[in-house]
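Please look over the model below before reading these notes. The points follow in numbered order.

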Amino acid sequence: MLNLNQPPNPNENRYKILIYDEFCKKIIAPLMSVKDLLKHGVTLHSSIDKKLLTNKTKRDDVPDVAVYFVQPTESNIQKIVTDASSSPPYVTFHLNFSSSIPRTLLYTLASETLTSGSVGRFAKVHDQYLEFVSLEDNLFSLSQPSVYLQLNDPSPEEVIEKVADGVFCVLATLGVVPVIKCPRGGHAEKVAVSLDKKLREHTNLVNEGGKGFMQRPLLCIFDRDFELSVGIQHDFRYKPLVHDVLGLTKLNGGSDPFMSANGSLEFPQVAEEIETELKNYKKDVEEVNMKTNEFDGTNLIGNTKHLMNAVNSIPELTARKEMIDKHTNIATELLGEIKKRSLDVFTEKENEMMMKGGSIDMSELLDVLNKKGTKMDKLRFAIMYILSLKTMNQAEIEAVEAALREAEVDTRAFYYVKKIKSLDLSLTAAADSANGSNIVDWAEKLYDQSISAVTAGVKNLLSSDQQLAVARTVEVLTKGQPNPETDSYLMLDPIASKTGSSVNGPFREAIVFMVGGGNYIEYNSLQELSQRQAMVKNIIYGATEMLTGSEVVEQLSLLGEKMGLEET
């Protein structure tokens with residue numbers, strides 16, 4: 001796009017302005033820095049809502065090319081037409097739309113630029129099929145908000161199409177036609193059917209090989225309701241904690257080697273890894289200092305070589321120190337929240353409930369609800385209790401409701417899940433976990449003592465072999481063998497009509513997509529599956545949006561409000 005949709009030309013010196021809307025800004029942000037943009041000749045970048053260039057702008061200040069990257073909306077088209085009419089005449093326009101521009105909008109663009117006499121300024125118009133955000137190498141989000149809420153609307157067809165369009169953009173970018181499998185009934189099947197139709201209609205955009213794939217991958221599509229508990233539960237692993245507690249979503253493992261290596265570890269282990277990194281850094285700094293101090297004017301060649309090696313290592317050491325400082329600050333903030341809110345207790349007890357099918361001593365459960373934690377923590381904990389139940393005990397549920405009211409918690413989400421649970425006990429998510437031990441009291445600040453001391457005696461909350469229902473199901477589906485849990489699943493092969501036969505597996509690569517919101521807990525679980533499963537070499541995870549537990553509960557509360565359920 002920045003090379004004007006041509007192969008890179010090192011001799012080209014055309015300077016460009018990049019113009020984007022808010023959605024496309026989200027797409028660019030995790031992928032390119034200002035420095036990266038400069039390498040591609042982008043000297044200015046701005047929102048489409050800002051007016052930077054006018055006919056009065058000095059020639060020396062104006063780039064030669066305006067590269068637009070926006071969604072194909074009526075509003076954006078009108079802004080482009082206005083820009084073309086008012087910008088200096090020597091600027092050419094290259095339009096890139098994040099998805100296919102509707103024919104009606106294309107006609108609007110053509111007719112209005114003809115009327116204004118600016119049509120000759122448009123060099124090219126491209127449909128880029130990029131309606132998704134690449135958060136990591138194996139993680140993407142469609143950045144479509146509140147899909148879970150919208151899908152529970154009486155008429156979700158428009159949402160289904162929008163979701164299918166987003167997944168199609170991912171497949172078009174990968175250049176691959178997958179075999180699709182999903183549970184029958186529900187929104188996942190509707191998305192799958194719509195996507196299958198789009199793939200059959202746009203064979204020019206995809207092929208059987210794909211970019212970097214060993215063979216055709218398996219695309220598994222699930223509803224958030226498939227394992228709702230995972231979207232709500234507290235988790236003690238680093239990456240889910242950072243997302244849930246601090247709200248950070250740009251956890252790019254590619255540009256952050258520490259997060260990439262340690263994101264799936266539990267917090268006590270991460271704290272120890274930070275300390276190890278700090279010790280290694282200090283050791284390397286001492287070595288550099290020794291080399292620079294050895295320069296005494298004699299043996300000029302040998303000493304100069306040592307000095308140059310020391311100087312050349314400074315940028316790498318600086319980057320390491322920045323990384324250590326960043327994660328020390330993150331860990332410090334997490335530690336404060338863990339202690340203030342007793343997040344370790346919530347995590348431990350939720351895992352215990354899910355493992356035992358809701359079997360928990362009521363005095364323990366009520367004790368947790370009366371202890372530390374925000375109102376949202378307590379509400380999430382109570383919902384996890386409901387979701388873990390195998391049978392409904394009305395007296396116990398009423399005791400939980402009373403505890404929530406006592407804590408002045410908005411109970412609409414609780415009553416909504418209770419209603420769903422009472423209608424369909426199969427909602428229960430059977431997430432395996434190990435017995436956790438009580439967590440020792442945490443130190444107040446990481447900086448006041450070594451991180452080892454902070455985590456001394458702390459045991460992991462989860463067993464290393466914990467596997468979520470989604471991960472277990474994907475493992476079964478990739479094997480392509482008969483299994484009572486998945487035999488009823490719908491299978492769609494968009495190119496079966498051409499080849500005369502469908503590919504049923506085994507599959508070495510998979511794409512897992514969650515309709516209604518995903519999370520880093522599932523992402524971690526699927527990455528662990530690909531690392532330990534000999535057959536499956538790579539798993540890409542995507543969702544309509546990446547949600548924290550609180551954000552899922554907020555949508556449940558709105559659904560409860562729509563149903564007129566009780567609020568305290």
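Which helix gives the largest share of the lining of the second largest cavity? Helix 9 does, with three residues. The points below start with the ground rules, then return to that cavity.

1. **Ground rules.** This is a predicted model, in which local features need pLDDT of at least 70 and side-chain atom pairs count only at pLDDT 80 or more, while totals for chains, interfaces and linings use all residues. Residues are numbered from 1 along each chain as its sequence is written, and side-chain values use heavy atoms, with hydrogens and water left out.

2. **Confidence.** pLDDT is the predictor's confidence in each residue, from 0 to 100. The protein averages 84, and 83% of the residues score at least 70. Over residues 426–465 the pLDDT is below 50. Beyond near neighbours in sequence, that stretch has 91 contacts in the model; contact means heavy atoms within 4.5 Å. Where pLDDT is low, the predicted coordinates should not be read in detail.

3. **Overall make-up.** The secondary structure comes to 23 helices and twelve strands. These are DSSP runs, numbered from the N terminus: helices are H or I with at least four residues, strands E with at least two. Buried residues make up 52% of the 568 residues. Buried means under 20% relative accessible area, exposed over 50%, and partly exposed in between (1.4 Å probe, protein chains only). Among contacts between residues at least 6 apart in sequence, 82% join residues at least 24 apart.

4. **Cavities.** The count comes to three cavities of 30 Å³ or more. A cavity here is a set of points on a 1 Å grid, over the protein atoms alone, where a 1.4 Å probe fits but cannot get out; lining residues have an atom within 4 Å of a point. Grid points are joined across faces, edges and corners, and a volume is the space filled by probe spheres set on the points. The second largest cavity holds about 90 Å³ of space. It is lined by 14 residues, of which Pro240, Asp244, Asn519, Ile521 and Leu547 are the closest to its centre. Helix 8 (228–232), helix 9 (238–246) and helix 22 (520–532) each give two or more residues to this lining.

5. By class, the lining of the second largest cavity has five nonpolar, six polar and three charged residues. Ala, Val, Leu, Ile, Met, Phe, Trp, Tyr, Cys and Pro count as nonpolar, Asp, Glu, Lys and Arg as charged, and the others, Gly among them, as polar.

6. **Helix 9.** Eight of its nine residues are buried, so helix 9 is largely enclosed by the rest of the structure. The buried set is Tyr238, Lys239, Pro240, Leu241, Val242, His243, Asp244 and Val245. Gly247 follows helix 9, with a positive phi near 75°.

7. **Helix 14.** Eleven of the 13 residues of helix 14 are buried, so this helix too is largely enclosed by the rest of the structure. The buried residues include Asp344, Glu348, Lys349, Glu350 and Glu352. Their cover includes helix 8, helix 9, helix 13 (314–341), helix 15 (362–370) and helix 16 (375–388). The geometry checks out: at 1.5 Å a residue, residues 343–355 should span 18 Å, and the end C-alpha atoms are 18 Å apart. The expected span is 1.5 Å times one less than the number of residues. Gly357 follows helix 14, with a positive phi near 65°.

8. Ser146 has a phi near 55°. It is in the loop between strand 7 and helix 5 and counts as partly exposed, at 29% relative accessibility. Glu408 has a positive phi of about 60°. Glu408 lies in the loop between helix 17 (394–406) and helix 18 (412–423), and is exposed at 60%.

9. **Two buried serines.** Ser143 is in the loop between strand 7 (139–141) and helix 5 (147–151). Its relative accessibility is 17%, so Ser143 counts as buried. Leaving aside neighbours within four places in sequence, Ser143 is in contact with Phe23, Lys26, Val133 and Thr544. Ser194, in helix 7 (residues 187–201), is buried at 10%. With the neighbours within four places left aside, Ser194 is in contact with Glu161 and Ala164.

Terms used
On a 1 Å grid over the protein atoms alone, a cavity is a set of points where a 1.4 Å probe fits but cannot get out, and a pocket is an open set with protein on both sides within 12 Å along at least five of seven lines; lining residues have an atom within 4 Å of a point.
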